[in-house]
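Hi,

Here is the structure I promised to pass on. Have a look at it first, and then read on for what turned up.

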Amino acid sequence: MIEAAIVSLLEGDAAVAAMVGTRIYPAAIPQGEPAPSIAYWRVSTGRRLRYDAPDGTSSARYQLDMQASDYTAARALAAAVRHALNGYRGSVAGEQIHHISLPNEQDIFDRDVGAHRVALDVIIAHEE
């Protein structure tokens, strides 16, 4: 699963791991989890066709949400995640990744939990 590759790349990056350890969660950061933390979820997936059949590749769009207790920490975590993922090509966690790009980034203040967040759009072209 491509999600395992995302987590492996993030946990394998020294800067990201120093900030979040293994606090990388699918869908949402659990309530009460210490900051900083990361949540990820699939937004959409496009699959390519060659002639009239799938060619085995897809382009998956994910959102990664970096949450921290202050703006500076959230921006630092986003920079580390961007460095770990942007432009990556290779094989990780049994997945062949053609290319990772990060086309969009947004700062958010979550009043409900009093946390600063940075949302990154991540597009991963990979073999299925």
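Which side chain does the side chain of D65 make a polar contact with? The partner is R117, and the distance between the two side chains is 2.9 Å. Before I go further, please keep in mind that this is a predicted model.

A bit more on that aspartate. D65 sits in strand β3 and is buried, because its relative accessible area is 7%, under the 20% cut-off. Setting aside neighbours within four places in sequence, D65 is in contact with I29, S37, I38, A39, W41, R117, V118 and A119.

There is another aspartate to look at, D121, which belongs to strand β6. D121 is buried too, with a relative accessible area of 16%. Its side chain has a polar contact of 3.4 Å with the side chain of R61. Not counting residues up to four places away in sequence, D121 touches R61, Y62, Q63, S101, L102, P103 and N104.

Now for the nonpolar part. The largest nonpolar core holds 31 residues, and L10, I38, L64, V81, L85 and V122 are those with the most contacts inside it. Two or more core residues come from each of α1 (2–11), α2 (14–20), β2 (37–50), β3 (53–68), α3 (71–85), β5 (95–110) and β6 (115–127). Helix α3 gives the largest share, 7 residues.

Leaving out neighbours within four places in sequence, I38 contacts L10, V16, V20, R23, I24, Y25, I29, D65, M66, L77 and V81.

The buried ones are I2, E3, A5, I6, V7, L9 and L10.

The largest pocket has a volume of about 300 Å³. It is lined by 19 residues, and I29, P30, Q67, D110 and V113 are the closest to its centre. Strands β2, β3 and β6 each give two or more residues to the lining, with the largest share, 3 residues, coming from β3. By type, the lining divides into 10 nonpolar, 5 polar and 4 charged residues.

Cheers

How values were computed
Residues numbered from 1 in each chain as written. Predicted model: local features only at pLDDT ≥ 70, side-chain atom pairs only at ≥ 80, totals over all residues. Heavy atoms only, no water. Core = buried A, V, L, I, M, F, W, Y, C linked by side-chain atoms within 4.5 Å. Buried < 20%, exposed > 50% of the residue type's maximum accessible area, 1.4 Å probe, protein only. Helix = DSSP H or I, 4+ residues; strand = E, 2+ residues; numbered from the N terminus. Contact = heavy atoms within 4.5 Å. Polar contact = N/O pair within 3.5 Å; in protein donor to acceptor, adjacent residues only side chain to side chain. 1 Å grid on protein atoms, 1.4 Å probe; cavity = no way out; pocket = protein on both sides within 12 Å on 5 of 7 lines; lining within 4 Å. Points joined across faces, edges and corners; volume = space filled by probe spheres on them. Nonpolar A, V, L, I, M, F, W, Y, C, P; charged D, E, K, R; others polar.
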